[in-house]
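User: I have a chain to study and would like to go through it step by step. Can we work by question and answer?

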Amino acid sequence: MEGEECIIQESKMFDQMPVMLNPMVVERIFKFISFRDLMRISRVCTVWCELAKIEKNRRTKIAKIFIVSENTKRMLENKAESSLYQPIEMETDMHMELEKLPCAPSFCIEKVKSRECFKKILLKEVKTALRKYLPENCEISLNVTFGVIGCMGDIPYTPLEIEDGTALSACFYSNMPGMQVKLYPMEQKQGFAKKFITGKEPAKALLFFVTDKGCGYVNKILKNNLWEKDFKVALGGAVVEQSDSIMGSIIAFSGPNVEAASILIGPEDEEKEIRSKLEILKDTGLQNHDCFAYMFTCIARGGSMHAKPNFESSLFNEYFPNIPIIGLFGTGEFGVNFLPNVKWETTELKHGEFIFTDKNYRYGYCTVFVVIALKKDN
């Protein structure tokens with residue numbers, strides 16, 4: 001009876017409160033508010049400030065955006081393409097998506113695909129929007145690529161590969177317990193790799209966004225530090241058209257709550273071979289945690305190779321429908337087979353064969369899938 005009386009008294013107390021100070025009402029409203037608006041209204045009063053903190057901690061720590069220009073959409077639908085670029089349209093979409101971000105990012109990976117005549121305009125728009133909406137301390141990796149991969153909507157995701165036209169794909173990470181994301185501009189300095197390969201928190205996954213000038217140096221780094229020291233790490237990357245750094249950049253994921261896997265799809269692999277490898281990737285069990293995935297593929301693959309659009313990203317989505325995938329098309333791929341929790345070296349695939357690294361981490365005509373999981377604290 002005492003418990004029932006407490007509930008009744010509490011209910012009466014809430015009924016007598018002004019509606020916008022009632023925690024039950026305010027908490028529900030806050031669930032539908034963007035992070036930027038949440039931070040603004042947290043200054044209104046003590047009650048809203050405390051409820052805003054609760055909502056901030058409740059929200060997902062990883063967010064994505066994927067924007068495709070209207071001209072490109074029409075082209076994908078086999079409709080006549082307008083010859084006019086609409087910068088206002090892309091700018092408006094970017095501002096809307098960034099305004100709606102559910103979290104305050106501490107790190108951002110953004111990839112842009114555009115035709116040469118529109119590239120400078122789009123890059124200027126992207127940089128302006130990122131400066132406006134992201135926190136000052138947010139690290140940004142901005143790359144111009146030969147094609148962009150992203151997913152539309154929420155679970156279940158619908159992957160889309162943009163090989164021609166104008167689009168951008170981005171992933172945002174906020175500060176998360178047990179996970180660190182760091183950006184390292186490529187440097188030809190002795191000991192450069194020690195920054196992310198050795199130390200108290202060595203990398204669990206490495207993503208490479210490399211320009212033509214940095215290709216040879218990347219392979220040298222990997223040979224000297226991964227092959228010779230038998231360092232275990234998931235790895236994926238590609239040669240991009242343009243990066244923030246002249247040689248490119250490396251993004252390292254580390255921390256006790258991070259686990260990652262990567263797998264190589266070979267030049268000769270067709271649907272049955274790709275499915276066999278995705279099944280092995282699924283055996284790692286990473287999909288049972290909060291995950292995100294990257295796809296690095298060759299510009300010679302995609303629709304021209306498989307005679308249908310979105311083929312490989314759709315296969316991945318079939319096996320991992322709850323994992324958002326973003327990625328890019330490049331002119332050379334970096335990767336390695338790294339499958340934790342699976343004895344893949346002694347496992348026989350149903351179809352095809354594994355690509356074994358022979359002191360070489362750069363490939364051509366390949367696809368690399370990288371899955372990064374964020375485990376929750378026990």
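Predicted model: local features only at pLDDT ≥ 70, side-chain atom pairs only at ≥ 80, totals over all residues.

User: Is Cys108 buried or exposed?

Analyst: Buried means under 20% relative accessible area. Cys108 has a relative accessibility of 0%, so Cys108 counts as buried.

User: Which cysteine has the sulfur nearest to that of Cys366, and how far away is it?

Analyst: Cys366 takes part in no disulfide. Cys366 is also buried, with a relative accessible area of 2%. Its nearest cysteine sulfur belongs to Cys298, at 8.0 Å.

User: What percentage of the chain's residues count as buried?

Analyst: The chain has 12 helices and 17 strands. It contains 378 residues. The share that counts as buried is 52%.

User: Where does Phe334 lie, and is Phe334 buried or exposed?

Analyst: Phe334 lies in strand S15, residues 333-335. Its relative accessibility is 0%. That is under the 20% cut-off, so Phe334 counts as buried.

User: How far apart in space are Phe334 and Val210, C-alpha to C-alpha?

Analyst: In sequence, 124 residues separate Phe334 and Val210. From C-alpha to C-alpha, Phe334 and Val210 are 9.5 Å apart.

User: Among contacts between residues at least 6 apart in sequence, what percentage join residues at least 24 apart?

Analyst: For the chain, the percentage is 85%.

User: Which term describes how H10 lies to H12?

Analyst: Helix H10 covers residues 271-282, and helix H12 covers residues 311-319. Their axes are 10 Å apart, and the helices pack at about 40°. That angle makes H10, relative to H12, oblique.

User: What is the handedness of the crossing, and how many nonpolar, polar and charged residues make the contact?

Analyst: The crossing of H10 and H12 is right-handed. Among the contact residues are Ile274 and Leu278 of H10, and Leu315 and Phe316 of H12. Charged residues take part too, including Arg275 of H10 and Glu312 of H12. By class, the contact has 7 nonpolar, no polar and 6 charged residues.

Notes. Residues numbered from 1 in each chain as written. Heavy atoms only, no water. Axes fitted to C-alpha atoms, helices over the stretch in contact; angles between N-to-C directions. Helix = DSSP H or I, 4+ residues; strand = E, 2+ residues; numbered from the N terminus. Parallel < 35°, antiparallel > 145°, perpendicular 65-115°, else oblique. Left-handed = near helix turned anticlockwise from the far one by under 90°. Contact = heavy atoms within 4.5 Å. Buried < 20%, exposed > 50% of the residue type's maximum accessible area, 1.4 Å probe, protein only. Disulfide = S-S within 2.5 Å.
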